[in-house]
Structure formats: structure tokens, C-alpha cells
Amino acid sequence: MRLAWMISLGVGATALLATMLSVLAVTALGPGLASLHLSTVLIEAAVAGALGAAGGWAGGWLLNGQLVRLRTILSTADAAEAPTARLMAPLDGLARRHLEVIEELAAESRNARSQVRQIEIRKHLAQTEVEHLSGVLHSLRDAVLVTNEFNELVMANEAAASLFRFDRESAINKPIAQVLPEKDIVALIGEAAEAGNTSSRKHTECVLPRDPEPLNLEVSLSSLAADAAHEAASVVTILHDITQERQVSRMKNEFVSKASHELRTPLSSIKAYIEMLLDGEAQSEKDRREFYEIIQHEAERLGRMIDNMLNISRIEAGMITATWETVDIVPIAQEAVELLKPQAAEKDISIHFQRPHQACHAEIDRDMIKQVITNLISNAVKYTPEGGRVTVAPDLTDCDRSVIVSVNDTGLGIPPESLPKLFSKFYRVNKHERVAKGTGLGLNLVKQIVEAVHHGEVGVESEVGKGSRFWFIVPCKQGA
Ligand code: ADP
């Protein structure tokens with residue numbers, strides 16, 4: 001409409017120009033009637049054009065009115081040769097009116113331009129917001145699916161596409177049942193859509209069969225009906241992977257139950273021997289002494305277990321601060337050997353210290369590394385039958401960038417199926433339980449100290465009946 005109106009105005013303006021040209025011609029030629037008639041014809045043609053083109057726009061109508069007046073004057077002038085001034089009066093009015101129209105038109109045009117600018121700014125802002133939101137949605141680690149009231153997929157982020165292994169582009173607008181093979185989730189979305197906006201946000205959990213382990217997902221569904229009357233609704237489904245949380249809580253439960261079981265064993269033993277002593281079952285001094293020694297031994301075991309548990313959980317919680325110093329590991333290993341020699345001697349086991357040709361400096365927490373070496377030698381002695389041999393060998397490795405300490409024994413060895421679990425908390429090789437008492441925490445503490453604190457590595461090679469080689473490597477410089 002506005003465009004038609006503007007065209008009309010344009011044509012009207014052309015007509016006016018023609019009118020004014022004619023008037024100028026009149027003025028220039030004087031009252032010559034032939035010229036006036038010629039001008040009249042020109043104006044008439046222009047007005048007709050304006051009216052025809054603009055389809056009756058008011059400007060044309062106005063011009064035509066002025067023309068009628070002009071023709072009357074001209075016909076009078078024709079007869080009486082009226083002065084030019086009489087012709088100018090209606091043309092002045094016409095020009096004024098036209099100027100007003102042009103000003104109105106300019107104001108309208110300014111207004112329209114500013115509105116267009118505002119719309120463009122709003123459009124730009126809306127586009128930026130959409131891009132921003134889509135960026136946020138795609139950067140989310142949670143999978144997001146949006147389906148309409150017909151259960152067709154209208155939006156899915158990259159996390160959703162990779163979780164359910166579909167191609168985002170081709171999945172859009174397809175029924176969700178075709179996109180997701182997981183019937184449980186499709187059913188949940190269908191239920192939420194049917195419930196319309198009467199349903200509030202719903203949370204549930206589901207398990208996705210995946211390799212190597214199934215995924216635990218927390219599913220939240222929100223229905224968004226267009227209006228209250230709508231029966232079905234669009235559904236926003238957010239799937240949060242809680243596999244790790246579930247694993248951690250499972251491990252915690254396992255730890256608590258294993259720890260309480262392991263703590264109860266020495267405690268029950270202590271309790272039993274105290275009861276026997278109280279009941280007078282140890283009649284001789286020798287028996288009593290034996291009972292006291294068992295109690296002392298079990299109490300020490302209990303203390304070691306509690307210390308190990310505390311140290312492991314402190315390292316796991318990042319609560320242990322290492323006291324870093326660059327020291328030679330060779331004398332530390334030798335100190336540990338000396339410490340365990342009496343224990344080895346009791347079983348007639350010889351401990352050999354293989355001194356390297358050079359010093360083995362590394363940035364370590366001295367006490368923690370000494371504990372690691374002590375634990376490994378103590379195990380070697382524990383699980384090696386009488387008359388066996390243990391060798392402790394520190395050395396430089398990895399082009400002198402790391403220090404390796406290995407502890408070899410000629411002991412029982414470890415069955416291959418036990419090797420992957422050997423460094424887990426409370427793990428003990430079944431057959432070894434009769435050979436020596438233990439906590440099942442020593443090797444886990446070794447692993448925590450070497451790997452979590454010193455950024456190194458632990459390992460074992462073993463053959464049943466022949467012996468084992470436990471080793472650990474720590475970098476000479478932390479953070480290098
Ligand atoms: P424990 O207190 O039972 O010794 P560890 O965590 O130190 O606990 O060791 C876990 C298990 O690993 C032991 O119970 C034992 O079965 C096995 N093990 C550790 N060291 C050796 C070794 N040198 N030879 C054979 N088995 C070993």
C-alpha cells in the first residue's frame with residue numbers, strides 16, 4: 001500500500017513539474033494564447049498520466065482540480081488577456097501543498113528508515129542470541145534432545161548424536177523411535193509428550209548397553225505444551241552420564257565393607273585371646289606369653305591397616321603434601337634392606353643389595369619412597385619360602401631421566417589371573433593367605449605413592465613357583 005502511495009506521489013510530483021514548466025512557459029511567452037493552449041495540453045497530459053498511473057491518488061486529484069481552475073482562468077485570459085499574476089495564484093497554492101506533501105513524505109520515509117533499522121538491530125540481536133544458545137547447547141557434555149508433539153526429533157546436540165550414534169543432520173524431523181534404538185528412552189519421551197503440560201519435570205535413571213561397560217544415565221524430561229488446551233507437548237530430554245558417580249559410590253561401598261571386614265579379623269583375634277586369658281585357659285607362663293605375643297602382633301597389624309587406609313585415602317583425596325628433595329635413592333634403598341634383614345634372617349632368606357655404578361638422584365619425598373621400597377622387600381620376604389633369595393637393585397633408566405628400583409625374589413610367584421588385580425585395595429592371592437598374614441593394602445599404597453604422588457609407574461612380572469620381580473620408576477625431575 002505504502003509503495004503504491006509513494007508511486008502515486010512520484011507521479012503526482014512529475015505532473016506538478018510538468019505544470020510548473022507550463023506555467024514558466026506561460027510566464028516566458030507572455031499572454032500569447034497559442035502558447036497558453038499548448039501548455040494546457042501538456043499539463044492535461046501530465047495530469048492524465050499521473051491519475052492513470054497512480055490510480056486516483058489524491059495528489060493527482062489535487063493537480064487536476066488546480067488544472068480545472070487554470071483552464072477556467074486561461075479561457076478567461078483567452079478572451080480578456082488576463083495578466084500573468086492571476087495565473088500564478090493557484091499555482092502558488094499548488095506548490096505549497098506539494099512542498100507539504102514532500103515534507104510529509106520525507107518524514108514518513110525517515111520514520112520508515114528508523115523502523116527498518118530497529119527491526120534489523122532486533123533481528124541481528126535475535127540471531128546472535130540463537131547462535132549463542134546453539135553454541136552453549138552444543139558445548140554441553142549432557143545429551144539434549146528436543147522432540148515435538150508428534151514425537152519427531154526437532155533438535156539434538158552433538159553429545160546426543162555421539163551418545164546414541166546418529167547423524168544429526170539426517171535425524172532431524174524423523175520420528176524419535178527411528179533415531180534412537182533404545183526403546184526405554186523413546187517410551188519415556190512418548191509418555192512425557194502425551195502427558196502434555198500437566199506433567200512437571202520428570203527425573204529417572206536408565207542403563208544403556210555399551211562396550212566395554214554399560215552407561216548409567218540420569219534422564220530429565222520437561223514437557224512444553226504450546227497452550228493449556230494442547231493435549232500433546234514438545235519434550236526436552238536431557239541425559240546426564242552418571243556412570244562414574246555410580247562406580248565411585250560402588251567402590252566406596254566396597255571399600256567400607258572390605259575395610260570393616262579386614263579390621264574385624266585382627267580385632268576378633270585380639271578379643272578371643274583376651275577372653276581365653278581371662279578364662280584362665282593359658283595356664284602356663286609360656287602359654288600366656290604366647291597369647292600376649294599374638295595379641296601384640298594382631299594389634300600391630302590393626303595399626304598398620306589403619307595407617308595404610310589413612311595414607312591411601314589422604315593421597316586419593318589429594319590431602320598429602322610431599323616434601324620434595326633431590327636425593328640419591330641408592331642409600332635410601334640400602335637403609336630399607338638393612339631394616340628388613342632381621343626379618344629375612346628369621347626365614348633364612350638372604351637379601352642382596354645390588355649397588356649401581358653411579359648415584360641415582362631423583363626429586364622425591366624421601367620417607368614415602370623409603371616406605372615403598374620397604375613394602376616391596378617386606379612382601380618379597382613374606383612370600384618367599386625359607387632359604388630363598390631377595391635382590392634389591394636401584395639404577396638409572398630412561399636415558400638417565402628416571403630411577404628404577406626392582407625387588408626380585410625366588411618366592412611363590414603370582415598366578416597370571418591375579419596380576420591385574422594385585423595393586424587393588426584389599427586384594428590378596430587366596431593361596432597366600434595361609435602363608436602370611438597381610439592387609440591387602442601394602443601394594444595399593446605403593447601404587448598411590450609412586451603414581452599419584454611421584455608421577456611414576458609400578459609393575460610386576462611373576463611366575464608361579466619361580467618368583468616375582470616388582471619394580472617402580474620415578475622421574476629424576478618432577479614436572480620435566
Ligand atoms: P599383603 O598385606 O597381603 O601383603 P599387599 O597389598 O602388600 O598386601 O599384597 C597383596 C597380595 O599380593 C599379597 O597378599 C600377596 O598375595 C601378593 N604379593 C605381594 N607381593 C608378593 C610377592 N613378592 N610374591 C608373591 N606374592 C606377592
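## Largest pocket

The largest pocket has a volume of about 1,200 Å³ in this predicted model. Its lining comprises 43 residues, and those closest to the pocket centre are Gln 343, Ser 378, Asn 379, Lys 382 and Lys 437. Two or more lining residues come from each of helix 10 (285–316), helix 11 (329–346), helix 12 (366–382), helix 13 (442–453) and strand 12 (467–475). Helix 12 contributes the most to this lining, with eight residues.

Sorted by class, the lining of the largest pocket holds 18 polar, 15 nonpolar and ten charged residues.

## Second largest pocket

Of the 14 residues that line the second largest pocket, Met 251, Lys 252, Glu 254, Phe 255 and Lys 425 lie nearest its centre. Helix 9 (243–278) and helix 10 each supply at least two residues of this lining. The largest share, six residues, is from helix 9.

Domain 3 (258–317) and domain 4 (324–475) each provide at least three residues to the lining of the second largest pocket.

## Ligand surroundings

The ligand is surrounded by 19 residues, and the closest are Asn 379, Arg 428, His 432, Thr 439 and Leu 443. Asn 379 is also among the residues closest to the centre of the largest pocket.

Which side chains have an N or O atom at 3.0 Å from a nitrogen atom of the ligand, or at 2.8 Å from an oxygen atom of the ligand? The side chain of Asp 409 places an N or O atom 3.0 Å from a ligand nitrogen atom, and the side chain of His 432 has an N or O atom 2.8 Å from a ligand oxygen atom. The backbone also takes part: an N or O atom of the Gly 442 backbone is 3.2 Å from an oxygen atom of the ligand. Taken alone, the ligand exposes 520 Å², and the protein buries 98% of that area.

## Backbone geometry in two loops

Most residues other than glycine have a negative phi, and most peptide bonds are trans. One exception is the peptide bond that joins Asp 211 and Pro 212, which is cis with omega at about -5 degrees. Pro 212 sits in the loop between strand 3 (202–208) and strand 4 (215–224).

Asn 151, a residue other than glycine, has a positive phi near 60 degrees. Asn 151 belongs to the loop between strand 1 (143–147) and strand 2 (153–156).

Notes
Residues are numbered from 1 along each chain as its sequence is written. This is a predicted model: local features need pLDDT of at least 70, side-chain atom pairs count only at pLDDT 80 or more; totals for chains, interfaces and linings use all residues. Side-chain values use heavy atoms; hydrogens and water are left out. On a 1 Å grid over the protein atoms alone, a cavity is a set of points where a 1.4 Å probe fits but cannot get out, and a pocket is an open set with protein on both sides within 12 Å along at least five of seven lines; lining residues have an atom within 4 Å of a point. Grid points are joined across faces, edges and corners, and a volume is the space filled by probe spheres set on the points. Helices (H or I, at least four residues) and strands (E, at least two) are DSSP runs, numbered from the N terminus. Ala, Val, Leu, Ile, Met, Phe, Trp, Tyr, Cys and Pro count as nonpolar, Asp, Glu, Lys and Arg as charged, and the others, Gly among them, as polar. Domain bounds come from an automatic or database domain assignment. A residue is near a molecule or strand if one of its heavy atoms lies within 4 Å of it. A polar contact is a pair of N or O atoms within 3.5 Å; within protein, one must be able to donate a hydrogen and the other to accept it, and residues adjacent in sequence count only if both atoms are side-chain atoms. Accessible areas come from the Shrake-Rupley method with a 1.4 Å probe; for residues, only the protein chains shown count as cover.
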